[in-house]
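Reader: I am new to this structure and would like to go through it by question and answer. Please show it to me before we start.

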Amino acid sequence: MEILYILIPAFVFIIGCIILHNKNILKYYHSEIIAFISGYYLFLCDYKKDDFFLEHKKWRDINHYIICIIVIINIASIVYRIWKYKKILNIEEYQRKLENIQDEYAKLCGDYIKIIFTDFFTDPKGQGGRVSIYKIQNDRFILLGRYSNSNEYNKKGRDSYPCDKGFIREGWDKGEFLIYDIPKWTGSGKEYKKFVKEHCNIDDLTLKKIRMKSRSFFIKTIENEKSDSRQDLGIIVFEKMDTSRINSDSIKQVIDENQQQIQALIKTMKTIYEI
């Protein structure tokens, strides 16, 4: 009967698994389980030391075996925890490297935007303008890259926007969207908010958080190849602080001339962000 004392922890563990219907108890609670087992066996070593384990052997005679087993189990637990911790560190290191790669590709995308749409940025009325490329994923527009000749507006802002709000949604639904002569944001932005909300679905809080309160927009979707029936690849947003109309005809011509390069750029960026 004495051997049952040795088997009690195993019985408790098996019964616990059956009751909780959880096969991953050891995986998630191994430290607590090992601590319980170690404490239990150490208790036996002291409490039962003068009792007979077998006919000619007392518990004190096998204490050193039990203690050795406890030490081995705990060393194994420590090694496992170190391995698991290193694995977590590797994941975090991988995540940091991936974010660095994404940042570098975002800069590359910005440089490409600058080269392709040079006329937009060199236009005197386009000074301080900005061009951003987005993809749609999980009901949000995800920023892939952007460029502005203004350091303030070239800063990285929000990485994503709700796909059901703003002019960008209008552009996505209609294929292209042009709007200008938007009132200047002054004070609490009453006139600005009123105008924008008359032309799209957006709330005051979202408008307030937007760093660049642009007053002229042109938004254009980028289609997949003609042989590809899937939804559009992405969307490009042109915006500027000047109220004058953006030359959409000129921009569409540039997009048509560089269609394949822009498609390849967006696909590459999408692949990087989906890793």
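Reader: Is Gly129 buried or exposed?
Author: In this predicted model, local features need pLDDT of at least 70 and side-chain atom pairs count only at pLDDT 80 or more, while totals for chains, interfaces and linings use all residues. Residues are numbered from 1 along each chain as its sequence is written, and side-chain values use heavy atoms, with hydrogens and water left out. The term buried means under 20% relative accessible area, exposed means over 50%, and partly exposed lies in between, for a 1.4 Å probe and protein chains only. Because its relative accessibility is 0%, Gly129 counts as buried.

Reader: Where is Gly129 found, and how far is its C-alpha atom from that of Asp242?
Author: Helices (H or I, at least four residues) and strands (E, at least two) are DSSP runs, numbered from the N terminus. Gly129 is in the loop between helix H4 (118-122) and strand E1 (130-137). Although Gly129 and Asp242 are 113 residues apart along the chain, their C-alpha atoms are separated by 8.3 Å.

Reader: Which residues are in contact with Gly129, leaving aside its neighbours within four places in sequence?
Author: Contact here means heavy atoms within 4.5 Å. With those sequence neighbours left aside, the partners of Gly129 include Phe120, Met212 and Glu239, and among them are also Phe121 and Tyr147.

Reader: What is the geometry of the aromatic pair formed by Phe121 and Tyr147?
Author: Rings of Phe, Tyr and Trp (its six-membered ring) pair if their centres lie within 6.5 Å, with planes under 30 degrees apart counted as stacked, over 60 as edge-to-face and the rest as tilted; by this rule the count comes to 10 aromatic pairs. For Phe121 and Tyr147 the centres are 5.0 Å apart and the planes stand at 90°, so the pair is edge-to-face. This pair links distant parts of the chain, with Phe121 in helix H4 and Tyr147 in strand E2, 26 residues apart. Phe121 is buried at a relative accessible area of 6% and Tyr147 is buried at 15%, and the geometry asked for is edge-to-face.

Reader: Which residues touch the most other members of the largest nonpolar core?
Author: A nonpolar core is a set of buried Ala, Val, Leu, Ile, Met, Phe, Trp, Tyr and Cys residues joined through side-chain atoms within 4.5 Å. The largest such core has 23 residues, and the ones touching the most other members are Phe117 and Phe238.

Reader: Which element gives the most to this core?
Author: At least two residues each come from several elements, including helix H3 (59-116), strand E6 (234-240) and helix H10 (259-273). With 4 residues, the element that gives the most is H10.

Reader: Why do the buried residues of helix H9 lie on the same side?
Author: In H9 (residues 248-257), Ser248, Ile251, Val254 and Ile255 are buried. They lie on the same side because they cover an arc of only 120° around the axis, where the arc is that of the directions from the helix axis to the C-beta atoms. On the other side of H9, the exposed residues are Asp249, Asp256 and Glu257, and the arc that answers the question is 120°.

Reader: Which residue in E5 is the bridge partner of Leu178?
Author: Two strands pair if DSSP finds at least two bridges between them, and strands E4 (residues 176-179) and E5 (residues 216-222) pair in the antiparallel sense over 4 bridges. The bridge partner of Leu178 in E5 is Phe218.
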